Every structure is written in structure tokens, then in C-alpha cells.
Amino acid sequence: MSKMWPQSQYSHTNTPYQSNAAKTNEHQNQQNLKTLGMTSAISMAGPKPIDIEKTNDLKESLVPFGVFESEAEMHHRMEVLGSLHRLVRQWIRDESLRKNMPPSVADTVGGNIYTFGSYRLGVHHRGADIDALCVAPRHIDRTDYFQSFYELLKTQPQVKDLRAVEDAFVPVIKMNFDGIEIDLLFARLALKEIPDSFDLRDDMLLKNLDQKCVRSLNGCRVTDEILRLVPNINNFRLTLRAIKLWAKRHGIYSNTLGYLGGVSWAMLVARTCQLYPNALPATLVHKFFLVFSQWKWPQPVLLKQPDAVNLGFPVWDPRRLIEHSISLKAGKASADPLVLQISMSVVDYLGITITRLAITDEIMLSKCGWERLFEAPNFFSRYKHFIVLLASSASPVDQLQWCGLIESRIRHLITTLERNQHITIAHVNPECYNSVPLNTNNGQPLAMPPGAPIPTDPAPDVKKNDLGEVIANHCSMWFIGLVFEKTNVNVDLTYDISSFTKAVHYQAENTNMLRDGMSIEARHVRRKQLHQYLSPSLLKRERTISGAKRRPPELAPPAAAPHKRTRRLSESSTEEVSLLSYNEDSNSSNMYEVNIQNGTAQAQTAEQEQRKTDKQMSEPASTSNSIVCT
């Protein structure tokens, strides 16, 4: 087992970098420098005394953010993985016996747990989950995994929050195992037995495997290959920790939502390490922003020449990291785990964020500390208009599954919104905010700060209304910041939003996930209305963040527009989403209700609508399924 998750990879000490730090793995460097990367290094220069000092400062600045685990936490993770490994071995043996395999053979077929992602890279933070892969011999199939192994996990007292996502692009079982979140994939190899020591990088292992097994194996294969391709693993790890923290603090770290995920950021850092093989982490962080602020996107990031292996299906091509969203918009699909088809908003936002981030120049000139790099911008002050997605259900178990499904579909909504010619940026906040129980706030959602304790539900039992319908009491929400063109336009998002919600319900029905009380709703919210959705403690935290530093420049500062009165259109239907009427001067618009029935619009009088406007502004946020933008 130690060969699969060695302790030395992940240990952290406060030992400062010494002057010979760049000589670590010197023999490995000399052997591999000629083959690392697609081009020669930009600089082979070693560290200067100031680089050593800045690297020690960087390491110290990361500690308060919880990016390093204690020895006790590290050992606990290893114990959890050991318990899970023994459980897998037991399950495979029991399944082998059930399939009439002789006991002497069942004892030798093996089966292993392999880790990948941030844990395997050695850059996981305190409290992070573990990405793992269960590898089984050929007589154990995926049906066994999601049935008998799932049932076995149910009986384990250490396992909580167990859920299976069998129909996902990469099928997975999610669980909390003795306090550690684990995402466990499954792959069946075309082998009679799985040895204890086994290298998954062999391309011939992919022969005769189905696509889902190949995708499951890709995580381990990619992670191991990245570690092999960097000139100095220790420097790579500390640099990656810093870049991951920066990306998370700036809200651009989430593969699920269409941003760059852990492996993608690792690829970018690995390429930086290849270009500056003898540099220390402080220099590498600085060079990271230098390199990718000048990168000609969508030119791919290449780590090595691809291996010429033809097994009848797409395999990992490490030359490619990021493909422009043209391929996504054209409907192209790829099984390449390192082809990240990101949206235009992500490309634009990533480019703007890196280009405008000259903080590392000031850090290296000792004009400020590393803390400036990790200051989080205030997402809610950056935009004037938001779409709020609300996911509601009747029980905590339903809410966990419902939120997971909706979150996996949000990136498709973002792509659809970007296709609208009047929307220049659709930026989703990666944070999913949990609301207080709806019955404690007059049925209205109110987001709490991440990690804050949710008030106890005084009436946890499922309630029904007079019509016998289950009343949702649990709610979570995502915020999507919008930037419109600088002209007065009417934006119709009825079809886009309704298509998204229908797709979510369709997938929930097909996977037998849909339960009474589950609902998804989209609302338009202006910045000045955010207090209706964000708790006072969350608003205070955001204001503190924005007040403690310089206000970040807006991505698209609006130009001065002439005063013009426009109509705000809203939708009365409970099944469709309203039109959006956008006016840059939002405070000067009047409201006119438009009831859409069979394609016809019936406007109320201005006097009636004005009374309704005054009433709505004095009441809590509406619960109707509508979006209004002015």
C-alpha cells in the first residue's frame, strides 16, 4: 500500500529553503532536461539569495490559509485509504466466490486503490477530498461495483453521505469515510489478477477497455505523467499550492463549472517549471504570470510529444491543455482528459485577471508581501446584475443529490448565455451558498457564509401544503454575474433558462433522482437587491474584504450612457422565464408587467404598475420563477 500513497510525498515541514535547494534531484534534472517540454528552457539560471528569501516568505504566507496538513491529519488520510483498500479487497474476493471462483484463486486475484488529483500530486490542502480509483480484474464489472460494493459501503459505520452517480460522464461513488470526503472511480482491466505493484501508465492496459474505464484511468495516468515531466517535484508542489490558492481566491477554480480544475492548473505550473527548471517557487510564481499573460490563447499548452498509440479510441494527448470554446460551440466532444473546452467568458476572464495582475512584480521588488496576491476580490461588487439559481428540496439527503446534479449542468447554462449577443460576460461564482431553512425565514432563501453553521430547523419533518404538495425547506444557490453590452436592449432569456431547467429535470427523472419537493428556479437580482439573498454576516464579510484592499477594476466598466427610460418586462407564468429588459441607468426605469399567454402580451396601466413596483420594492424577494433585469 505504501507504494500507492507514500508518506514522504505529502509531508510538510517549516524548514526554510537553503541555498542548495535548486540542486534537489540534480541527477534527475541532468537526465531529463533534454526531454522535458516541447521547447528548450527560457532560462537555466539558478536561484539568487533574494529568491531564497522570497520563497521562504511565500511558504510562510501560505500557512494561514490552511494549505498544509498536520502530521496527524496526514496519517489519518493514510489510515482511511488503508481501510478502503482492505474493503475493496474483501469485496472483490466475495464477488469472486459468488461467481463460483475457487477460494484459492479468489485469494490471489487482487484489486487496488490508486490515488490521483491533488492528493497524488502532493498539493492537497487541509480538509480536501481524495480522488481515488478502484482497479478490479476482468471478472468484476461496473454493475457489481454500483450494486454489491455500494451495498457493502452502506453497512460501514465510518461511511456517511454515500451517493452513487452511475450515469455521469465518469461514473463515481461519493462518500465521507471517517471524516474524509472521497470520490471513488472504478475501472476493470482485462487481466486475470491485479498485482500489488502495478504501473497504470502502460498504454496497452487500455486495450479492449470501454470508454468509461478509460476515462476513469485517465486521472491516475495524467497525474503520474505530470510528476514525471517536471524537473523538480518539490519546487513544482509549492508553486502549485500558491497558484491554486490564488485561483480559488479569485473564483476561477472549478472544473465542474467550466473553469480550470486542479489538473489543468497543474499543467500550467508544470509548463512554467519546464521553462525555468532551476528556479525556486517564488520565481516560478512570478514567471507563471509573466508566461501566461503573454500566451497566445487559444494556443495549446504542450508538455511533451504525444505517444503514437492506436487502440481504436482517443487516448491522452499531453500536448493539449486548453482548446478554445469554438470546439465546444461546434458541438465537438473529446475523451481527452487534458483537453479542457472552456467558455469564452472563462478565456476572457482568465486573460484579464492574469494580465492585470502585476502584484508579483511588486512582491519581487519588496514593495508588498505575498498576502496581496491572495486577497480575494468581492464578487458581488464586481457586477451590477446577477442571475441567482436556487435549488430547493424537502430533505438534506435530497438536497445533496439535487445540488450535485444542478452544479454539473451550470456550465451548459453559462455557455448558452454567452451565445446571446447582448451578454459579454457570464461569470458564475464557484461557491454554492446554503440557505437558512426556508421555514425560518418566511419561505425566503437567505445565504449563509461558507462553512458557517446553519440554524437548526425547528420543524425538520417534511410538510405538505393544502394541495398535498411537499413543501421544500432546504435551499442552495449560485450567483452568476452578468455584463451586458452598453446599449439599451431587451434580452429574452426565456428559452435559455427554461431549456436549462428542463434538461435538469429530464436527467433527474431518467436517473430516478427526482423527488417531491425538488425545484430549480432562476431569478434576476440587481446589486442593490442582494441583501434579500445574502445574510448580514455574509454581506459584512464581503464588505470587509472589499474595504481592506483596493477595489479591483471591473472587467467591463460601463461607459457613460444617455439617460433613457425603458420598460422592465416581467413574466407572470410560473413555468416560463421572463424577458430581460436592460438599461444601463437602472434607477431610472419604470416597470410594466407583461403577461405572456400564447405569444400575446397584455400590459397593465402605468399607474397600476407603479403601485406594484412600490409594493415589490418594500417586500422581500419574489418567489415566482421570473427574471427581471433593468
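Helices (H or I, at least four residues) and strands (E, at least two) are DSSP runs, numbered from the N terminus. By this rule, the chain has 18 helices and 20 strands. The model is predicted: local features need pLDDT of at least 70, side-chain atom pairs count only at pLDDT 80 or more, and totals for chains, interfaces and linings use all residues. Residues are numbered from 1 along each chain as its sequence is written, and side-chain values use heavy atoms, with hydrogens and water left out.

Of the 630 residues in the chain, 53% are buried. Buried means under 20% relative accessible area, exposed over 50%, and partly exposed in between (1.4 Å probe, protein chains only). The chain exposes about 28800 Å², an area from the Shrake-Rupley method with a 1.4 Å probe. Carbon and sulfur atoms supply 50% of this area. A contact means heavy atoms within 4.5 Å. Among contacts in the chain with a separation of 6 or more, 73% come from residues 24 or more positions apart.

In soluble globular proteins, nonpolar side chains tend to be buried together. A nonpolar core is a set of buried Ala, Val, Leu, Ile, Met, Phe, Trp, Tyr and Cys residues joined through side-chain atoms within 4.5 Å. The largest such core has 80 residues. Phe236, Trp265 and Ile480 touch the most other members. Domain 2 (230-373) and domain 3 (379-452 + 469-532) both give residues to this core, so it lies between them. The domain bounds come from an automatic or database domain assignment.

Rings of Phe, Tyr and Trp (its six-membered ring) pair if their centres lie within 6.5 Å; planes under 30 degrees apart count as stacked, over 60 as edge-to-face and the rest as tilted. The whole structure holds 20 aromatic pairs. The ring centres of Trp91 and Phe186 are 6.5 Å apart and the planes are at 70 degrees, so this pair is edge-to-face. Trp91 sits in helix H3 (residues 71-98) and Phe186 in strand S5 (residues 180-188), so the pair links parts of the chain 95 residues apart. Both residues are buried. The rings of Tyr145 and Phe186 have centres 4.8 Å apart and planes at 25 degrees, so that pair is stacked. Tyr145 belongs to helix H6 (residues 142-154) and lies 41 residues from Phe186 in the chain. Tyr145 is buried at 0% relative accessibility, and Phe186 is buried at 2%. Elsewhere, one aromatic cluster is formed by Phe379, Phe380, Tyr383, Phe386, Tyr433 and Phe479.

Asp144 is found in helix H6. Its relative accessible area is 8%, so Asp144 is buried. Asp144 and Trp91 are 53 residues apart in sequence, with C-alpha atoms 9.6 Å apart. Leaving out residues up to four places away in sequence, Asp144 touches Trp91, Glu95, Arg98, Lys99, His139 and Phe149.

Arg120 lies in helix H5 (residues 117-121). Arg120 is buried at 18% relative accessible area. A 3.0 Å polar contact joins its side chain to that of Asp224. Such a contact is a pair of N or O atoms within 3.5 Å; within protein, one must be able to donate a hydrogen and the other to accept it, and residues adjacent in sequence count only if both atoms are side-chain atoms.
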